[in-house]
Amino acid sequence: MLGQRIRTERKKLSLTQEQLAERIGVSDAYIGQIERGERSPTLETLVKIASRLGVTIDYLLHDSLVPGDDNVIDQIRQLFINRSTKEKQMELDVIKVMFGHLENNTGKK
């Protein structure tokens, strides 16, 4: 998906692979390999591509990474960082209400 998104955004800007490659300082063959999914770009290259195409890295990577349970729990944990105890309790209460609604609508507990 990453390569397809890069290709789509590049074409929206009417850029060739050669033009994009030249503007970010890599070879056009490398851009072609990324777009075909044969190679993964370095983080530095991905930042340059996103910047040149005017999109976020998150947009380019959307659907490229499949979050596992550990990843989801880490994301939830990130939401609690630098929050007061009161804010953490409020977040927990919201999550509990959300799961309560899910259980009521699906019949699962």
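This is a predicted model: local features need pLDDT of at least 70, side-chain atom pairs count only at pLDDT 80 or more; totals for chains, interfaces and linings use all residues.
1. The core. The largest nonpolar core holds 15 residues. Those that touch the most other members are Ile6, Leu20, Ile31, Ile49, Leu53 and Leu60. Two or more residues come from each of helices α1 (2-12), α2 (17-24), α3 (28-35) and α4 (43-53). Helix α4 gives the most to this core, namely four residues.

2. Leu60 within the core. Leu60 is one of the residues touching the most other core members. Leaving aside residues up to four places away in sequence, Leu60 touches Leu2, Arg5, Ile6, Leu46, Ile49, Ala50 and Val55. Ile6 and Ile49, both in that list, are also among the residues with the most core contacts.

3. The surface patch. Met98, Phe99 and Leu102 make a nonpolar surface patch of about 290 Å². Phe99 lies in helix α7, which spans residues 85-106. Is Phe99 buried, exposed or partly exposed? Its relative accessibility is 43%, so Phe99 counts as partly exposed, since that class falls between the 20% limit for buried and the 50% limit for exposed.

4. Gln89 and Glu38. Gln89 is also found in helix α7. Gln89 has a relative accessible area of 39% and is therefore partly exposed. How far apart are Gln89 and Glu38, in sequence and in space? Along the sequence they are separated by 51 residues, and in space by 46 Å from C-alpha to C-alpha.

Technical notes:
Residues are numbered from 1 along each chain as its sequence is written. Side-chain values use heavy atoms; hydrogens and water are left out. Patches are made of residues with over 30% relative accessible area and no salt bridge: like charges are joined within 9 Å, nonpolar side chains (Val, Leu, Ile, Met, Phe, Trp, Tyr) within 5 Å. Accessible areas come from the Shrake-Rupley method with a 1.4 Å probe; for residues, only the protein chains shown count as cover. A salt bridge is a side-chain nitrogen of Lys or Arg within 4 Å of a carboxyl oxygen of Asp or Glu. Buried means under 20% relative accessible area, exposed over 50%, partly exposed in between (1.4 Å probe, protein chains only). A nonpolar core is a set of buried Ala, Val, Leu, Ile, Met, Phe, Trp, Tyr and Cys residues joined through side-chain atoms within 4.5 Å. Contact means heavy atoms within 4.5 Å.
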